[in-house]
Amino acid sequence: MKTRSVSNQATLLKTSSRDRRGTRPSKEPAVVAKAPAYTDPSACQYCGAFFTKKTWRRDHRITHALLTTAEWAKCPACRQKRSGTAYGRIFVRGAFEAAAASALRRRIVNVGRRAEHTQPEHRVISVQRAEQGLEVLTTSQNLAHRIVHELKKAFGGRASYRWSAADGYLEATWRK
Ligand SMILES: [Zn+2]
């Protein structure tokens, strides 16, 4: 009797953990879901990011032993960078930009670096001078949003967003 109840419990636990696993992919952002299946563990041969437990990270301590077990691959961020596909675009506009362009640039690059450190798939691809200010490209909508959030926090200003479903862009405009 006792043995039976223990075994039932074990079965329940197993089932519930399998169920949770099964629902996870649909909750992942589109960028991750579209990426090819990677072997766990994998290492990106272009940027050194390390893939394990469904996540690409750069703050992993990479050891010889780790690399021996890993399969070389190209991480999602490097795939995007290579093909020139970006998922976030920010326009920085307004009179403030003309006066404080370098401070704005510094802020943007810093936010990008911080994001990239913990999640290599989130990174700033470029910060360029555009007709009416700066144009920033990022590898994720999430990072574009985070950068705008930090600009608002540091400098104030207003933000607006536009979603382009055709090419999967989140276009943000920050102005002050
Ligand atoms: Zn990479």
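Colleague: What's the average pLDDT of the protein chain?

Modeller: This is a predicted model, and the chain averages a pLDDT of 78, with 73% of the residues scoring at least 70. Over residues 1-26 the pLDDT is below 50, and that stretch has one contact in the model beyond near neighbours in sequence.

Colleague: OK. Which residues touch the most other members of the largest nonpolar core?

Modeller: Ile90, Val136, Ala144, Ile147 and Val148, out of 20 residues in that core. At least two core residues come from each of β5 (88-93), α5 (95-118), β6 (124-130), β7 (133-138), α6 (141-155) and β9 (169-175).

Colleague: And which element gives the largest share of this core?

Modeller: That's α6, with five residues.

Colleague: What is Val136 in contact with, leaving aside neighbours within four places in sequence?

Modeller: Val136 contacts Arg89, Ile90, Val92, Ile108, Val124, Val127 and Ile147. There's also a second, separate core of 10 residues, and Cys44, Trp56, Ala77 and Cys78 are among them.

Colleague: Switching to helices: at what angle do the axes of α5 and α6 cross?

Modeller: Roughly 130°, and the axes come within 10 Å. That angle makes α5 oblique to α6. The crossing of α5 past α6 is right-handed.

Colleague: Which residues make the contact?

Modeller: On the α5 side, Phe96, Arg107, Ile108, Val111, Gly112 and Ala115. From α6 you have Leu143, Arg146, Ile147, Glu150, Leu151, Ala154 and Phe155. Ile147 turns up again here, having been listed among the core residues that touch the most other members.

Colleague: Now the backbone. Which peptide bond is cis?

Modeller: The one from Asp40 to Pro41, with omega near 0°. Pro41 sits in the loop between α2 (30-34) and β1 (42-44). For context, most peptide bonds are trans.

Colleague: What about phi at Lys53?

Modeller: Lys53 has a positive phi of about 50°, although it is not a glycine. Lys54 has a positive phi too, about 70°, and isn't a glycine either. Most residues other than glycine have a negative phi.

Colleague: Where are those two lysines?

Modeller: Lys53 is in the loop between β2 (50-52) and β3 (55-57), and Lys54 is in the loop between β2 and β3 as well.

Colleague: Is Lys53 buried or exposed? And why?

Modeller: Lys53 counts as exposed because it has 7 C-beta neighbours inside 10 Å, and the cut-off for exposed is 12 or fewer. Lys54 has 11 inside 10 Å, so Lys54 counts as exposed too.

Key: Residues numbered from 1 in each chain as written. Predicted model: local features only at pLDDT ≥ 70, side-chain atom pairs only at ≥ 80, totals over all residues. pLDDT = per-residue confidence, 0-100. Contact = placed C-beta atoms within 7 Å. Core = buried A, V, L, I, M, F, W, Y, C linked by C-beta atoms within 7 Å. Helix = DSSP H or I, 4+ residues; strand = E, 2+ residues; numbered from the N terminus. Axes fitted to C-alpha atoms, helices over the stretch in contact; angles between N-to-C directions. Parallel < 35°, antiparallel > 145°, perpendicular 65-115°, else oblique. Left-handed = near helix turned anticlockwise from the far one by under 90°.
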